[in-house]
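The tour goes stop by stop.

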Amino acid sequence: MAAGELLAGFASPTLSPLTAVGGAVIDAVPPGVKDWAISLFGTADKAALLVGMVLVIAALAALAGVLERRRRFTGAAVVGIFGLAGAVAVLTRSQVTPMALMPPLLAAVAAVVLLRFLVRRLRAWDDAAAGETTPDPMAASSRRSFLQALGITAAASAAGGVLGGIWRGASMAVSEARARITLPGPASPAAPIPPAAEPGVAGVSPLVTPNRDFYRIDTALSVPAVNPGTWVLKVTGMVARDVQLSYADLLAKPLTERHITIACVSNGVGGDLIGNARWLGWPVRELLAQAGPQPGADMVLSRSADGWTAGTPLDVLTDTRDALLAVGMNGEPLPLEHGFPVRLVVPGLYGYVSATKWVTELKVTRFADDAGYWTPRGWSERGPVKTSSRIDVPRSGRPVNAGTVVFAGVAWAQHTGIQTVELRINRGPWREAELAAGISLDTWYQWKLAVDLSPGQYEVQVRATDLKGGPQDETTRPPAPDGATGFHTVRVDVKS
Ligand SMILES: Nc1nc2c(c(=O)[nH]1)N[C@H]1C(S)=C(S)[C@@H](COP(=O)(O)O)O[C@H]1N2
Ligand SMILES: [Mo]
């Protein structure tokens, strides 16, 4: 594995066999398993997958050793099949070149050679030890020879692994390029946040989510390292003119800055796969206007550097909303995990149909002809965000003191806005909460309600109504295929 990662590191970080196999696993698992993994591990899902892969590889290596010791080439066959699987995984990834086959093949060849080398020494020790009754110098020396070979192998793997860490050099180079960037000021700045927008109840998620706390969801096992100096965005497909844009071109445009709340379709009721940031970018509608979409086109298939795609309705990208080709997040260049150098941010749609990170192409097309990454995997073709609300405090199951209990949280209906938030206790009548001023229709709102509660157990639920009068859907549904619905419910234990 170290040999494969090492070669991939020198060639291109995107060729890492470990990453390719992990990526293939992510693409192949049924959507239900993906949901399960996200609910179990949250944003540690990738670390969990890597740990799982290392355990599986260790088990296979042990199996290969045991088999090879019993019968020549049986263990080598296990290793060979594993290398083949790695090669297939690499081939199914985007941007395949013959070079991409080299790391898994080298890994397999290195593994077979090492396995034969070690087992031969182990056998020599086996033979020398067989039938030995008194301490035998032959057995001792073959034992020493085996342990030496094992030690050398371990040391070489560790060194290879460390050197393989050089593959991170690419993303480090991109991190350094990012650190040197100074973003221009916005031609159209974000409206100031009204002080009343954040009533300041302790424990409520902050109105603007800091970058380090912003949820991250994507299929990229290793963060794509995209060099802003060579990045280009191509507008292709059903357009009057193909357009190309460099990072420098983009920074020279009159940029728009807006607070926009984005959410993941996998966010369960009450979940935290949602965040609000101040994005800086160029309106996508201006870029599309330059390209001139042809009549009949109704979708834009955006593609990222790692091949992931999203299908966004063309009218959403050309209407008056602030759909942005974003370069900045909360006053910084986009963090690498959030799509550096350029991503899409579209108010009102779930991320899987709109928020392409590391974006490199916008293909103007039709829903009848193309589909984004998640659509053939069982998720809806269209993904408008569903009106929803969440109770942040008190936390479910956390005991509170009798008397005045302050409930507070957030509610969202991006691009429509929130009209009211209501709470009900033990399925009693709905009571209207105090809704804080919003930043804009495209962001979430905070709310709070103080309630007098005597000691006991309470079930508290929240619901929101959007500014068009649309009520939050009360039917309990899972995230698939187009977003979870139902009321967030917390259980509160009030102590005397
Ligand atoms: N390249 C790429 N972009 C992507 C995705 C992805 O898997 N790959 N996932 C999307 C999904 S499902 C969501 S919810 C948002 C999350 O954006 P964030 O990680 O910046 O919060 O990114 C979107 N953009
Ligand atoms: Mo998502």
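Strands here are DSSP runs of E with at least two residues, numbered from the N terminus. The model is predicted.

**Stop 1: the β11–β12 loop.** Select Pro394. Pro394 lies in the loop that links β11 (388-393) to β12 (399-401). Now show the backbone between Val393 and Pro394. The peptide bond there is cis, with omega about -10 degrees.

**Stop 2: the β8–β9 loop.** Move to Pro341. Its place is the loop between β8 (332-333) and β9 (343-345). Which form does the peptide bond from Phe340 to Pro341 take, cis or trans? The bond is cis, and omega is near 5 degrees.

**Stop 3: the β14–β15 loop.** Select Asn426 and Arg427. Asn426 sits in the loop between β14 (418-425) and β15 (431-432). Arg427 is in the loop between β14 and β15 as well. Check the backbone torsions. Asn426 is not a glycine, yet its phi is positive, about 50 degrees. Arg427, also a residue other than glycine, has a positive phi near 60 degrees. Then colour by accessibility. Asn426 counts as partly exposed because its relative accessibility is 41%. Arg427 reaches 52%, so Arg427 counts as exposed. The cut-off for exposed is over 50%.

Stop 4: Zoom in on Phe41. Phe41 belongs to helix α3 (residues 31-41). Is Phe41 exposed or partly exposed? Its relative accessibility is 37%, so Phe41 counts as partly exposed.

Methods: Residues numbered from 1 in each chain as written. Chains lettered and ligands numbered in written order. Predicted model: local features only at pLDDT ≥ 70, side-chain atom pairs only at ≥ 80, totals over all residues. Heavy atoms only, no water. Helix = DSSP H or I, 4+ residues; strand = E, 2+ residues; numbered from the N terminus. Buried < 20%, exposed > 50% of the residue type's maximum accessible area, 1.4 Å probe, protein only.
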